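Here are my notes on the model you sent. Please read them with the structure open.

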Amino acid sequence: MSQPSSVAPVDVRVAVGTGVVVLLGLAALAVATELAPDAGVVDPVPSTAGWILGAVTLLLQATALLWRRTAPRAVLLVTALGMLLCAAWGLGNAIGLAQPAVLIAAYTLGVERPLSRETVPTFVGAALLAGAGSATAGLDGGEDLAVAISLGLTQGVATVGLPLAIGVVVATRREIRQARASRADALEREHGALVQATVARERTAMARELHDIAAHHLSGIAVMTAAIRTQIDSDPEGAKAAVAQVRQQSTEVLRDLRSLVGLLRDDAGSADPDRVRPESIAGITALVQDLTTAGRDVGLTVLSGQSGDRPLGDGVGPLAQLAAYRMAQESLANAARHAPGARTEVVIDDRDPAAVEVRVRNDRPAAAPAPEGRDGFGILGMRERADLTGATLVVGPTPGGGWEVALRVPREQRLETTTREHA
């Protein structure tokens, strides 16, 4: 038996297994009948030609199963015809050995191609062929015509209908799984698109913020450096003075970047125009104060190692200051949304000379479950800002069932504000 190129290995195993089983069964019946011809093992007892033709028919049935996926309708009709042929060869009640191939073919067609205008005639034709074979075997065994036809129809419907019903159930469940998988893929793609849009908006906003507060000073520096180029040869002393001015302007741009971050505020339309909340690490204290005034159970702990007049978070760049403020703001909003009524603690640790750490932790809520671990758009925005500013973000549940977000932002190396005088 050669394997066609379009036949899958599993089909070969099914065909070979079916052929071996039915041929061994037929051989066992032949031997039993030969040893005890009056025992009624096979009724009526087939002739030698009948045994041989029956074996060939069963072998052809098994061979047809090789194409049960590529031509399922034809295979079902061929295997059902095999039952009728086995009855015609006089196998009597031994035609039951021809049923396994029909069962497999009917199940395959039911799974691969559920009920339709094309397959319904095939199932009906196969049931009639199988029923005719059973009725013929019953007549050969001495049954009355009415009884033989009745048993034949019942046998044909059962032989084709039972595997068909199982195949339809399996096909339906497979379609449901595929529909669920497709829906999950679509939702995942939609979520990914929304995430990408959110990230793009965050990047655009941060770029706009940086551009607005730096464009003026950088334009002035560009003009001064162009003037220096013409003074290097004609007026060296003037060029040196201009270099000092460029350095002074560069120092001022860093200072102005920090101060201009405070122009961004959530309460831009507030009735009090003199009230300004800088979106910086120092501005987190005002953010917490507003929440406590509104009735939220929010605590603030500031661990400062700074001395003198240095502000909280001194040495941290403006974008990193904004990232820290946004992290605290988003974390407090998430705590109110996912842990209503739970106490929230904000900690600003400014003691490390190399970095500032801001932590927001909420307790386990009493009336609602703790926040889930899947990152939302807010946390994605935090991660994006942290990556762009060189900060480290850690998000996760606490041992007590709460939630904590911690951001560690590095300090920048301070530029010297003094310039050397050149003789």
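**Notes on the model**

1. Start with helix 9 (residues 318-338). Helix 9 lies across strand 1, strand 2, strand 3, strand 4 and strand 5 (403-410). Helix 9 runs at about 5 degrees to strand 3. Axes here are lines fitted to C-alpha atoms, for helices over the stretch in contact, and angles run from 0 to 180 degrees between N-to-C directions. Contact means heavy atoms within 4.5 Å.

2. A word on the basis. This is a predicted model: local features need pLDDT of at least 70, side-chain atom pairs count only at pLDDT 80 or more, and totals for chains, interfaces and linings use all residues. Residues are numbered from 1 along each chain as its sequence is written, and side-chain values use heavy atoms, with hydrogens and water left out.

3. Five strands form an open sheet with mixed pairing, in the order 1-2-3-5-4. The edge strands, strand 1 (298-304) and strand 4 (392-397), each pair on one side only. Neighbouring strands are turned by 10 degrees against each other on average, direction ignored. Two strands pair if DSSP finds at least two bridges between them.

4. Look inside the sheet. Strand 2 (residues 344-350) and strand 3 (residues 355-362) run antiparallel and are joined by six bridges. E345 stands opposite R361 in strand 3.

5. Next, helix 1 (residues 9-35). Why does a span of 39 Å agree with 27 residues? At 1.5 Å a residue, the 27 residues should span 39 Å, and the end C-alpha atoms are 39 Å apart. The expected span is 1.5 Å times one less than the number of residues. The buried residues of helix 1 are D11, A15, T18, G19, V22, L26 and T33. They pack against helix 2 (48-64) and helix 4 (99-112). Buried means under 20% relative accessible area, exposed over 50%, partly exposed in between (1.4 Å probe, protein chains only).

6. L85 is partly exposed, with a relative accessible area of 31%. L85 and T57 are 28 residues apart in sequence and 7.3 Å apart in space, C-alpha to C-alpha.

7. Finally, the whole chain. The protein chain has 10 helices and five strands. These are DSSP runs, numbered from the N terminus: helices are H or I, at least four residues, and strands are E, at least two. Buried residues make up 37% of the 423 residues.
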